[in-house]
Amino acid sequence: MGSYACTAETDGRGRCRNSGLEGDGDGFCAFHAHERDGGKEVAKAGLADVVLVRFNLNNRRWQDHLIQLGVPYKDRDFDAENSKHAAHAAVVGRSADVRGNGDVAKDSGVPVFGKPGLNRVSLHEAFLDLFATYEVVDMHIKPARNARFMSVLVVEFKHGCVPQSTDAAFKEVLEKLVGSCWEYVHVWANPPQADGRVIHTVNSGHHEEAEEPKLALRLNGGLWSAEKI
Ligand SMILES: [Zn+2]
């Protein structure tokens with residue numbers, strides 16, 4: 001597991017970019033621990049408005065199956081996404097690391113579990129947490145940026161919206177994609193959008209049907225955590 005991001009809230013409702021100090025009860029970095037110890041009230045980062053869970057589908061069978069179940073396939077405009085990402089990074093004062101090789105890297109966001117992310121992860125627990133907090137408002141498949149992967153399934157969780165009726169597909173996702181082992185999981189706490197909304201992204205890669213997961217991802221009130229299984 002990589003280093004865990006400091007749990008303090010910064011930049012409006014964003015998350016501190018520093019690593020949390022090992023053994024700090026609040027999981028704060030040196031700066032925020034110092035603020036707290038000096039008597040300042042340091043708020044912790046909270047729930048995002050939107051959580052996007054993305055599964056890299058490295059199996060054509062899965063893509064075709066989900067499309068058959070009614071999950072829409074949406075084409076995407078990489079150039080528009082890159083310029084939007086660059087503009088947003090500039091607005092929040094961070095370097096826009098626009099790269100052509102991955103959904104995984106979004107350098108304007110904070111990698112909650114450090115750059116390496118988590119290995120051999122179960123997403124089942126995280127989905128139960130997300131279900132208890134949000135509704136599924138959208139589910140679609142789009143082509144992947146990364147040529148190694150065929151496509152990406154995106155599940156969008158949000159507060160207080162009418163759920164989309166993709167029940168059959170969602171059940172399938174829960175049982176097969178969520179209930180097994182993902183080799184790589186990266187969680188990004190992105191800085192607030194121009195309209196103030198906060199979006200967290202969970203990127204999952206390398207679905208390993210035969211492997212046993214070692215960690216369970218949990219929402220943990222928006223801070224995210226990984227529990228040993
Ligand atoms: Zn901090």
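**Reading burial and backbone angles**

Tutor: This is a predicted model. Arg120 belongs to strand E5, residues 118-122.

Student: What is the phi of Arg120?

Tutor: The general idea is that most residues other than glycine have a negative phi. Arg120 is not a glycine, yet its phi is positive, near 50°.

Student: Where is Trp224 found, and is Trp224 buried or exposed?

Tutor: Trp224 sits in the loop that runs between strand E10 (215-218) and strand E11 (225-228). Trp224 has 26 other C-beta atoms within 10 Å, and because the cut-off for buried is 20 or more, Trp224 is buried. Trp224 also has a positive phi, about 65°, without being a glycine.

Student: How should I read a nonpolar core?

Tutor: In soluble globular proteins, nonpolar side chains tend to be buried together. Here the largest nonpolar core has 49 residues, and Val112 and Leu217 have the most contacts inside it. Strand E8 (residues 181-189) gives the largest share of this core, six residues. Domain 1 (1-45) and domain 2 (46-228) both contribute residues to this core, so the core lies between them.

Student: Which residues is Val112 in contact with, leaving aside its neighbours within four places in sequence?

Tutor: They are Ala5, Val187, Trp188, Ala189 and Trp224.

Student: How do I read the faces of a helix?

Tutor: An α-helix has 3.6 residues a turn, so residues three or four places apart point the same way. Take helix H5, residues 167-178, where the buried residues are Ala169, Val173, Leu177 and Val178. Viewed down the axis of H5, these buried residues fall within an arc of 95°, so they line one face of the helix. Asp167, Ala168, Lys171 and Glu175 are exposed on the other side of H5.

Student: How many helices and strands does the protein have, and what share of its residues is buried?

Tutor: There are five helices and 11 strands. Buried residues make up 32% of the 229 residues. Of the contacts between residues at least 6 apart in sequence, 66% join residues at least 24 apart.

Terms used:
Residues are numbered from 1 along each chain as its sequence is written. This is a predicted model: local features need pLDDT of at least 70, side-chain atom pairs count only at pLDDT 80 or more; totals for chains, interfaces and linings use all residues. A nonpolar core is a set of buried Ala, Val, Leu, Ile, Met, Phe, Trp, Tyr and Cys residues joined through C-beta atoms within 7 Å. A residue is buried if 20 or more other C-beta atoms lie within 10 Å of its own, exposed if 12 or fewer, and partly exposed in between; C-beta atoms are placed from the backbone. Helices (H or I, at least four residues) and strands (E, at least two) are DSSP runs, numbered from the N terminus. Domain bounds come from an automatic or database domain assignment. Two residues are in contact if their C-beta atoms, placed from the backbone, lie within 7 Å. The arc is that of the directions from the helix axis to the C-beta atoms.
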